[in-house]
Amino acid sequence: MKKNICLLPGDGIGPEIIVQGINVLKAVGKKFGHEFLFSEALLGGAAIDATGEPLPAETVRMCREADAVFLAAVGGPKWDNLAPEKRPERGILGIRKELKLFANLRPALLLPELAGACLLRSDIAARGLDLIVVRELTGDVYFGVPRGQEVREGQRVGFNTMLYSEEEVQRIAIVAFETARKRRNKVCSVEKSNVLETSRLWKEVVLETHKQYSDVTLTHMYIDNAAMQLVRDPSQFDVILTGNIFGDILSDEASVITGSLGMLPSASLGASGPGLFEPIHGSAPDIAGQDKANPLATILSAAMLLRLGFNMDTEANAVEKAVRTALADGFRTGDIMENGKTLVGCQEMGEKVLERL
Ligand code: NAD
């Protein structure tokens, strides 16, 4: 199969880690007989330095023409004092919007090889953690209008609008049910329908959509309980379906309890067109250019790109297995280092994965 991949290396450790992801994709192409063609575009600080804009029009054009977009990370202290609309992070929000990406998929997986890094009590960690948060990305209180600040009765007030249309809820629910079918067939819809009208509509539409997915087990949970259950017994979850703001918080919580930021990939998908695949961590300016970054989140994002972007399950499984084997063989970057293991740099970790592929 022939596929075009647009690369967005970005800033900080971005250029170092993306190279390891590209090497893995090239090796997959060779092993499984696919032709991956790579193009590279500017995003974030690198784009600001070259063009004055965090998301140049040329980058949008190149991403739209690709079959998938592979992003490393953006940002850094050099650009911290710019106006909000000129900052590197605007490039990421902008490209998600331009590509109409409404579903953010973030797996949180505690690999047995890294159980020592988990922040949970060992008896809870022993039950395992393998879930995915499916977060709606374009609606909710982040985008609803009216929004603003004004003076009412002599006092400043701030206000935002939590708003979801049934179409927005339905399309993200479909993504969650479809995702569950490829996993353990369970969806937990998280909202606050005991208090919020928006959540009541959310729940109604999720129930209606579920009628087409009766093979998937659907449960409902209030956000406050979900935040608690995630640390009490994360093994109960398979797919967590939720809105933009609750998903923002829950997906960070789910990933941090695994203890390894440098291990976690993500995907953002739209109804059609290319998806965007990226590690969840930032550009780590404190270790940039020192060959210290963990490239595994990027390599695992490449696996998500293969599975969700190109429907290449076998290829994605092979990449994930190679990562696990490299860990099982004792190789660790500094962020996940434990006693008795072998410390390697970014490039060497990439090589260890390649050898096992
Ligand atoms: P960060 O994720 O970059 O780093 C947090 C800590 O984790 C740092 O100590 C860093 O060294 C470490 N870390 C992160 N990724 C690592 C990896 N792959 N291997 C080893 N260690 C790793 O978050 P931050 O420090 O808050 O932000 C730094 C910059 O990144 C900021 O400009 C921020 O705006 C930006 N950022 C970008 C994204 C993105 O591109 N999607 C996401 C978050 C933050």
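So, the hairpin: β11 and β12 form one, with 4 residues between them, and glycine 273 in the turn has a positive phi of about 85°. When I say strand or helix, I mean DSSP runs numbered from the N terminus, with at least two residues (E) for a strand and at least four (H or I) for a helix. Before I go on, this is a predicted model, where local features need pLDDT of at least 70 and side-chain atom pairs count only at pLDDT 80 or more, while totals for chains, interfaces and linings use all residues. Residues are numbered from 1 along each chain as its sequence is written, and side-chain values use heavy atoms, leaving out hydrogens and water.

Strand β11 covers residues 265-270 and strand β12 covers residues 275-279. They pair in the antiparallel sense over 4 bridges; two strands count as paired if DSSP finds at least two bridges between them. Serine 266, for instance, stands opposite glutamate 278 in β12.

Is β11 enclosed or open? Well, 5 of its 6 residues are buried, so the strand is largely enclosed by the rest of the structure. Buried here means under 20% relative accessible area, exposed means over 50%, and partly exposed is in between, with a 1.4 Å probe and protein chains only.

Over in β12 we have glycine 275, which is buried at a relative accessible area of 8%. Leaving aside residues up to four places away in sequence, glycine 275 touches Asp67, Ala68, Val69, Leu101, Ser268 and Leu269, where touching, or contact, means heavy atoms within 4.5 Å.

Now follow the strands from the other side of β11. It is joined to β4 by 4 bridges, and those two run antiparallel. Alanine 267 in β11 is the bridge partner of leucine 105. Then β4 pairs with β5, again in the antiparallel sense, over 7 bridges, with asparagine 104 partnered by arginine 135 in β5. Next, β5 is joined to β10 by 4 bridges, but this time the strands run parallel; valine 134 has leucine 241 in β10 as its bridge partner. And β5 is mostly covered, with 6 of its 7 residues buried.

What covers the buried residues of helix α6? The list includes β4, β5, β8, α7, β9 and β10. The helix itself runs over residues 166-181. Its 16 residues should span 22 Å at 1.5 Å a residue, and the end C-alpha atoms are 22 Å apart, which agrees. That expected span is 1.5 Å times one less than the number of residues. Among the buried residues of α6 are Val169, Ile172, Ala173 and Phe177.

Glutamate 168 is the one I'd look at in α6. It is buried yet has no salt bridge, a salt bridge being a side-chain nitrogen of Lys or Arg within 4 Å of a carboxyl oxygen of Asp or Glu. Which side chain of opposite charge is nearest to glutamate 168? That would be arginine 171, 4.7 Å away; Lys and Arg count as positive, Asp and Glu as negative, and His and the chain ends are not counted. There is a polar atom of the glutamate 168 side chain 3.0 Å from the backbone nitrogen of serine 165. Glutamate 168 also touches Glu136, Thr138, Gly139 and Leu163, again not counting residues up to four places away in sequence.

Arginine 171 does have a partner, though: its side chain meets that of glutamate 136 in a salt bridge, 3.9 Å from N to O. Arginine 171 lies in helix α6 and glutamate 136 in strand β5, so the pair ties together parts that are 35 residues apart in sequence. Glutamate 136 is buried at 0%, whereas arginine 171 is partly exposed at 27%.

How many salt bridges does the structure hold? The count is 27. Another one joins arginine 127 and aspartate 233, at 3.2 Å from N to O. Those two sit 106 residues apart, arginine 127 in the loop between α5 and β5, aspartate 233 in the loop between α8 and β10.

Most residues other than glycine have a negative phi, and most peptide bonds are trans. Here, the bond from valine 145 to proline 146 is cis, with omega near 5°, and proline 146 is in strand β6. Glutamate 153 has a positive phi near 50°; it sits in the loop between β6 and β7 and is exposed at 85%. Asparagine 311 has a positive phi too, near 55°, in the loop between α10 and α11.

Note on methods
A polar contact is a pair of N or O atoms within 3.5 Å; within protein, one must be able to donate a hydrogen and the other to accept it, and residues adjacent in sequence count only if both atoms are side-chain atoms.
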